[in-house]
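Work through each task before reading its solution.

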Amino acid sequence: MQIGFIGGTGEEGMGLAYRFALAGHACVIGSRAIEKAEAAVEELKAKDAALPITGAANAEAAAADIVVVTTPYSAQEATLPGLADALAGKIVVSTVVPMSFEGGKASLLAVPEGSAAEHEQALLPGSTVVAAFQNLSAKKLLKGGPLDADVVVCAADPDAKKQIMALAEQIKGVRGVDGGPLSNAKLVEGITVLLVAINRAYKTQAGIKITAIQ
Ligand SMILES: NC(=O)c1ccc[n+]([C@@H]2O[C@H](COP(=O)([O-])OP(=O)(O)OC[C@H]3O[C@@H](n4cnc5c(N)ncnc54)[C@H](OP(=O)(O)O)[C@@H]3O)[C@@H](O)[C@H]2O)c1
């Protein structure tokens with residue numbers, strides 16, 4: 001399966017591309033600038049030259065089978081409408097957390113649609129948006145080695161949700177958890193703001209695990 005990343009040159013896009021490429025998927029790191037995408041690919045290939053990762057413009061990454069949005073929330077409005085036709089009929093994964101940092105403190109931004117994922121769905125009416133991976137530390141993804149974390153997946157479409165839960169489980173040490181409808185994405189996005197404070201207090205890269213489910 002080919003997986004494209006819109007704004008894939010940041011830590012989150014690179015970290016997920018690294019893990020999905022390790023699982024054997026062809027990953028396309030998208031960027032507004034092809035040189036930046038190529039530099040990101042070079043950095044990942046320095047870990048393992050055989051990784052199936054290429055760099056491209058965002059529009060080319062949008063042609064992949066599944067597309068993951070890894071831009072900041074503030075970039076969605078300008079970035080996604082131009083890709084709506086290319087993304088129609090596909091699963092689009094939102095990893096985005098609408099967060100601001102002021103005076104070193106993280107806060108969740110109010111999103112008129114409810115969450116960054118629902119904003120994405122409004123901008124991409126022909127796509128099936130699935131919210132996932134917001135609580136995984138990009139630094140840990142990039143570092144390598146097994147994780148010990150759940151990925152809560154929210155979507156309106158049950159089949160798309162199952163597909164992304166299965167994709168999450170291809171990252172070693174990750175369990176996909178059904179988080180219900182896309183409207184629950186705001187709760188999952190909010191947990192990331194909490195994790196930022198926990199990370200600061202405990203000087204770590206924390207994740208979440210849901211108890212009492214098989
Ligand atoms: N970092 C984490 O640990 C983490 C964990 C969970 C979720 N997330 C979420 O994942 C997303 C990406 O996080 P990140 O830390 O990788 O972010 P980032 O480094 O700030 O941004 C990722 C990429 O987005 C593109 N971008 C930035 N501003 C843009 C703009 N105005 N218009 C279009 N593209 C723009 C840039 O790519 P080009 O310049 O190459 O186009 C940039 O490299 C965020 O929404 C974040 O909330 C992050």
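A residue is near a molecule or strand if its C-beta atom, placed from the backbone, lies within 6 Å of it. The model is predicted: local features need pLDDT of at least 70, side-chain atom pairs count only at pLDDT 80 or more, and totals for chains, interfaces and linings use all residues. Residues are numbered from 1 along each chain as its sequence is written.

**Exercise 1. Describe the shell around the ligand.**

Step 1. The ligand is surrounded by 26 residues, the closest being Gly7, Gly10, Ser31, Ala75 and Ala138.

Step 2. By class, the shell holds 10 nonpolar, 12 polar and 4 charged residues. Here Ala, Val, Leu, Ile, Met, Phe, Trp, Tyr, Cys and Pro count as nonpolar, Asp, Glu, Lys and Arg as charged, and the others, Gly among them, as polar.

Step 3. Helices (H or I, at least four residues) and strands (E, at least two) are DSSP runs, numbered from the N terminus. At least two shell residues come from each of α1 (11–22) and α4 (76–79); α1 gives the most, with 3 residues.

**Exercise 2. Decide whether the radius of gyration of the protein chain agrees with that of a compact globule.**

Step 1. The radius is taken over C-alpha atoms, and the globule rule is 2.2 Å times the number of residues to the power 0.38.

Step 2. For 214 residues, the rule gives a radius near 17 Å; the protein chain has 16 Å, so the two agree.

Step 3. The C-alpha trace spans about 40 × 40 × 35 Å along its principal axes, and the chain contains 9 helices and 10 strands.

**Exercise 3. Classify glutamate 120 and aspartate 85 as buried or exposed.**

Step 1. A residue is buried if 20 or more other C-beta atoms lie within 10 Å of its own, exposed if 12 or fewer, and partly exposed in between, with C-beta atoms placed from the backbone.

Step 2. Glutamate 120, found in helix α6, has 26 other C-beta atoms within 10 Å and is therefore buried.

Step 3. Aspartate 85 lies in helix α5 (residues 84–87); this residue has 11 C-beta neighbours inside 10 Å and therefore counts as exposed.

Step 4. Two residues are in contact if their C-beta atoms, placed from the backbone, lie within 7 Å. Leaving aside residues up to four places away in sequence, glutamate 120 touches Val69, Gln76, Leu80, Val92, Ser94, Val96 and Val129.

**Exercise 4. Identify which residues of the largest nonpolar core touch the most other members.**

Step 1. A nonpolar core is a set of buried Ala, Val, Leu, Ile, Met, Phe, Trp, Tyr and Cys residues joined through C-beta atoms within 7 Å.

Step 2. This core has 61 residues, of which Ala17, Ile29, Val130, Ala131, Val153, Ile164 and Ala168 touch the most other members. Its largest share, 6 residues, comes from α1.

Step 3. Beyond four places in sequence, the contacts of valine 153 include Val130, Ile164, Met165 and Ala168.

Step 4. In helix α8 (residues 158–168), the buried residues include Ile164, Met165 and Ala168. The buried residues of α8 pack against β5, β8, β9 and β10 (174–178).

**Exercise 5. State which residues of helix α9 are buried, and what they pack against.**

Step 1. Helix α9 covers residues 185–202. Its buried residues are Ala185, Lys186, Val188, Glu189, Thr192 and Leu195.

Step 2. The buried residues of α9 pack against β5 (91–94), β6 (99–102), β7 (105–108), α6 (116–123), β8 (128–131) and β9 (149–155).

Step 3. Just after α9, lysine 203 adopts a positive phi of about 50 degrees.

Key: The expected span of a helix is 1.5 Å times one less than its number of residues.
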